[in-house]
Amino acid sequence: MKTAFAILLSLILSFPVFAQQASQITRWEFGVDALTLFGKNTLPDYSLFGRFLINPEGKKKAFIRTRMGYESTNRIIDNPLGFIKYQDLKLTNWTVAVGFQKEILSTSSTSFYYGGDFTYQKNSEDDFGLEGIEQENIFSYSGLTTFSIQRFTGFLGFSFKPIKEIKISFESGLFVGNENFEENTLLLNPSLEPVGFYNNSTRRVIAGFQPFYQMLITLNL
Amino acid sequence: MKNLIQQDNMLCIIKTVISLPRRTLKLKNKISNSFLKIMCAKSKYNMNHSLFRLLFLLLGLSTFQELRAQQTEKKTRWEIGVDALSLIDKNELPVYSLFGRFLINPQGNKKTQLRTRFGLEGSNYQDSVAIFGSFGLEVRAFSVFASVGIQRDIMVFQKGALYVGGDLGFSRYVARSDFPNNTISPQNLGFDNFTESKWRFSGVLGYTHRLGKNLALSFESSLQSVKTRQEINMDYVRLTSGLVPEIVKEQRSIEIWHTTVQPFYQLLLTYNF
């Protein structure tokens, strides 16, 4: 009888333990890059990060990972006295990165991992804006710059969990890639007459070491 | 309170006892039996009765504790806080504003909250420029920010919750500066009025984590679309062309729609009361 009660008691009390174990296997993670806060981010500040565990049963966890972002600007300038009477401008920036990572070593709260990311990035920038007009360079030039980058990064990472729901990952990488750059510039003299226009485009191969590739703060779901 | 702590300790002991491997089942039984004997040593009732009582007491107490925790949680409906991103100058919303939240479904398991952020900042310009009667001009400029929104939990964890929501915000910024301070052209004397108004539509995804009883830390990312209108009104005297000064009035405006993912929208440190 005593044994029966002991078993009953143990069964009742073990339910929450089982429930916890089941909920500990979280497959989705998403988060942000904390390097943005210091302006040291490699990938654009308008993007978010996500990770998906593909082998929940496996001893060494493997994830597929992505980083995506989108930004668009649409502006209309109305400047009756300047050289721009009316201008409608649209700019779209976007970034997609897909990759894979696998653990090398792991404990319950920390892990070392390696992996690779393929990144595509398209950015356009321009110097228009009233604050710009007021302060300086619209009287001398206006420029529209577009660049696109394709890049592969191989990385080594370290992650740890300060609390159950949150994981912090730090990654360093080696990258190799291709960058296309195009610049359109209109030159004006102080009385706002166009004196020249030039278009400059460059293609270059980039490669190097990135000690601060990403510093991710992610939420486990 | 002491009872609750004792009960917690007891639970721990029992949990450790029952989580021993199967091989040591006999040992486990011995341990649990002796433990229960100690527990019931002072009791005059027989073992079964005591066990029943113990079991019910445990269940009852744990349920009561949960209920009580829920009740105290439900009582706090207001939350007020600040944006920690201001500390590192990465704030998306104006520095001079405060955040507040109000729980509208205290009964529900998943919280629905109304949210707002509001701020006001004023400046008073005393202009001493002495040209054409505009001597000692006094101008007040107020900047204002107001936003309202709603949020709802989609997943609830042990100490935190994931939520989605939306904000509609409006801000107006006014500034006034004198030309001699500008780099634009030192030969011009006068002033300009700069006005910037923004309409902000944000979809918010956030995670909130409770720190102790009354404090919470909420981190939010957003997908937002912001409509900005900037306008400059300039009124100045050009001193370059010959002897006769030329009075110039200019107005420029720009309208910008900016749609973007903003990973660092708000990092709120809030207090519940």
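Guide: A charge counts as sitting over a ring if NZ of Lys or CZ of Arg is within 6 Å of the ring centre and within 35 degrees of the ring normal. Keep in mind that this is a predicted model.

Visitor: OK, which ring does the charged end of Arg151(A) sit over?

Guide: That would be Phe175(A), with the charged end 5.5 Å from the ring centre. Arg51(A) also lies over a ring face, that of Phe63(A), at 5.5 Å from the centre.

Visitor: Switching to ring pairs: how many aromatic pairs are there over all chains?

Guide: The count is 14. One of them joins Phe112(A) and Phe158(A), a tilted pair at 5.0 Å centre to centre with 45° between the planes. Phe112(A) is in strand 5 of chain A and Phe158(A) in strand 6, so the pair ties together parts 46 residues apart in sequence.

Visitor: Which cluster do those two belong to?

Guide: Ring pairs link Phe112(A) and Phe158(A) with Phe160(A).

Visitor: And how exposed is Phe112(A)?

Guide: Phe112(A) is partly exposed, at 43% relative accessible area. Phe158(A) is partly exposed too, at 29%.

Visitor: Over to chain B. Which way do strand 1 and strand 2 pair, parallel or antiparallel?

Guide: Antiparallel, over four bridges. Ile80(B), for instance, has Gly100(B) in strand 2 as its bridge partner. Strand 2 is mostly covered, with five of its seven residues buried.

Visitor: What's up with phi at Asp89(B)?

Guide: Phi is positive there, about 55°, although Asp89(B) is not a glycine. The residue lies in the loop between strand 1 and strand 2 of chain B, and Asp89(B) is exposed, with a relative accessible area of 63%.

Methods
Residues numbered from 1 in each chain as written. Chains lettered and ligands numbered in written order. Predicted model: local features only at pLDDT ≥ 70, side-chain atom pairs only at ≥ 80, totals over all residues. Heavy atoms only, no water. Helix = DSSP H or I, 4+ residues; strand = E, 2+ residues; numbered from the N terminus. Buried < 20%, exposed > 50% of the residue type's maximum accessible area, 1.4 Å probe, protein only. Pairing = 2+ DSSP bridges. Phe/Tyr/Trp six-rings, centres within 6.5 Å; stacked < 30°, edge-to-face > 60°.
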